[in-house]
Amino acid sequence: TLVKKVVTPLVQAIRSKDSVFSSIEPHSAGSYYERVKISKPNEFDIMFVMPVQRIHLEESDDTGAYYYVSFKRNPKEKGLLKFVEEDEKLSAFKMLEELRKIIKQEVKNIKDEEVTVARKKTGSPAITLQIKNPPSEISVDIILTLKVQQSWPLSTQDGLRIKEWLGTKARRRFTFSSLYLVAKQNKREKVLRGNTWRISFSHIEKDVINNHGNSKTCCESNGPKCCRKGCLKLLKYLLEQLKMKYSKELEKFCSYHVKTAFLHSCVIWPNDSDWHLADLDHCFQRCLGFFVDCLQKSQLPHFFIPQYNLFSLEDKARHHFLSRQISREWNNGFPVFHE
């Protein structure tokens, strides 16, 4: 309620302030909206989605996830031209700067709540709002997102292997849905200019996690219950707790890593009978075993872009460190869950 109270007037103000952003729509994303948040809901992700038309994508590296965006012809939103560089690429950096400037200005007009804009985090695509909510604080990550109705890039062709799990029709429906691109700097860019956009599938992940059954009635009010979401919650909680303990060593890990491992587990064990509610303990350990295996090999393929390894090979020591911590927890009956 508090987040809505802040975001709704903010969106209206941004729309009226600058014609470029007049078409933005807020889309909720992240664990709270996937109903897999474990602790208090104090972090929210909201995409500010802008529809664009007829864009050309050019890969910025070999991951298949990062792209340069240019327009095939002059955009309908003429204001977008001010964000186009000399090389005709749309600058994610310039757009983010402009949006941040408007947001910083507009939060001052929010009277009933104490809202501030957090300092920029290097490499983060988010503009973070902090809302005072005594005794704590709520943070809202706003992510600038382009939405385009065109076919997904070739790098996604062999991803989303859900035919056995959710069926061919579901896969087709997903791959025909809009393409989302978030303003995210690619650290591998030859000249770091902040021009890159990363494909985002968070809208599809949310759909998959909320409609996760092999049978259509799984976890519906009259249907049989499964433990898939329970497993994901435990995986996320385990990583969260370990990150609190070893913040420096584990700073490069995020909940997206365990979410990806979980989605791969759902593909390996596609049937609802593999996830009986009463088998939570066994299923969680099975997912965790898969994740530990990925850590030991330093290999975690992106769920939608198989060529993109989410575990950088230069971080092998960190992967092995996390693997050891998880094994220690496992061998001692997960004391971290009881602390």
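Modeller: Let's start with lysine 17 and glutamate 106, whose side chains meet in a salt bridge with 3.4 Å from N to O. This pair ties together distant parts of the chain: lysine 17 sits in helix α1 and glutamate 106 in helix α2, 89 residues apart. Keep in mind as you look that this is a predicted model. How exposed or buried are the two partners? Lysine 17 counts as partly exposed, because its relative accessibility is 48%, a value that falls between the 20% and 50% cut-offs. Glutamate 106 is buried, because its relative accessible area is 11%, which is under the 20% limit.

Lysine 5 forms a salt bridge with glutamate 113, and their closest N and O atoms are 2.8 Å apart. Here, too, distant parts of the chain are joined: lysine 5 belongs to helix α1 (residues 2-17), while glutamate 113 lies in the loop between α2 (92-107) and β5 (115-117), 108 residues apart. Lysine 5 is partly exposed, with a relative accessible area of 44%. Glutamate 113 counts as buried because its relative accessibility is 17%.

Now move along to aspartate 272. Which residue is its salt-bridge partner? The partner is arginine 228, with 2.9 Å between the closest N and O atoms. Aspartate 272 is in the loop between α6 (255-268) and α7 (280-297), and arginine 228 is in helix α5 (residues 228-245), so the pair links parts of the chain that are 44 residues apart. Both aspartate 272 and arginine 228 are buried. For aspartate 272 the relative accessible area is 16%.

Aspartate 272 has other neighbours as well. Its side chain is joined to that of serine 215 by a polar contact of 2.8 Å. Leaving aside residues up to four places away in sequence, aspartate 272 touches Gly213, Asn214, Ser215, Cys218 and Arg228.

Salt bridges can also be linked together: Glu58, Asp87 and Lys89 form a network of them. The count for the model comes to 15 salt bridges.

Helix α6 has 14 residues and reaches 20 Å from its first C-alpha to its last, close to the 20 Å expected at 1.5 Å a residue. How many of the residues of α6 are buried? The number is 10 of 14, so the helix is mostly covered. Among the buried ones are His257, Val258, Phe262 and Leu263. The buried residues of α6 pack against α4 (202-210), α5 and α7.

That brings us to the inside of the model. In soluble globular proteins, nonpolar side chains tend to be buried together. Here the largest nonpolar core has 98 residues, and those with the most contacts inside it are Phe21, Phe48, Met95, Ile103, Leu129, Val140 and Trp197. Helix α7 gives the largest share of this core, 9 residues. The core draws at least three residues from each of domain 1 (2-203) and domain 2 (215-337). There is also a second, separate core of 7 residues, which includes Ala29, Val49, Ala126 and Ile143.

How do the two domains sit relative to each other? Their centres, taken over C-alpha atoms, are separated by 26 Å. The contact between them takes 25 residues from domain 1 and 20 residues from domain 2.

Glutamine 149 is exposed because its relative accessible area is 58%, which is over the 50% cut-off. Not counting residues up to four places away in sequence, glutamine 149 touches Phe176, Ser177 and Ser178. A polar contact of 2.7 Å joins its side chain to that of serine 178, and a polar atom of the glutamine 149 side chain lies 3.3 Å from the backbone oxygen of phenylalanine 176.

Notes: Residues are numbered from 1 along each chain as its sequence is written. This is a predicted model: local features need pLDDT of at least 70, side-chain atom pairs count only at pLDDT 80 or more; totals for chains, interfaces and linings use all residues. Side-chain values use heavy atoms; hydrogens and water are left out. A salt bridge is a side-chain nitrogen of Lys or Arg within 4 Å of a carboxyl oxygen of Asp or Glu. Helices (H or I, at least four residues) and strands (E, at least two) are DSSP runs, numbered from the N terminus. Buried means under 20% relative accessible area, exposed over 50%, partly exposed in between (1.4 Å probe, protein chains only). A polar contact is a pair of N or O atoms within 3.5 Å; within protein, one must be able to donate a hydrogen and the other to accept it, and residues adjacent in sequence count only if both atoms are side-chain atoms. Contact means heavy atoms within 4.5 Å. The expected span of a helix is 1.5 Å times one less than its number of residues. A nonpolar core is a set of buried Ala, Val, Leu, Ile, Met, Phe, Trp, Tyr and Cys residues joined through side-chain atoms within 4.5 Å. Domain bounds come from an automatic or database domain assignment.
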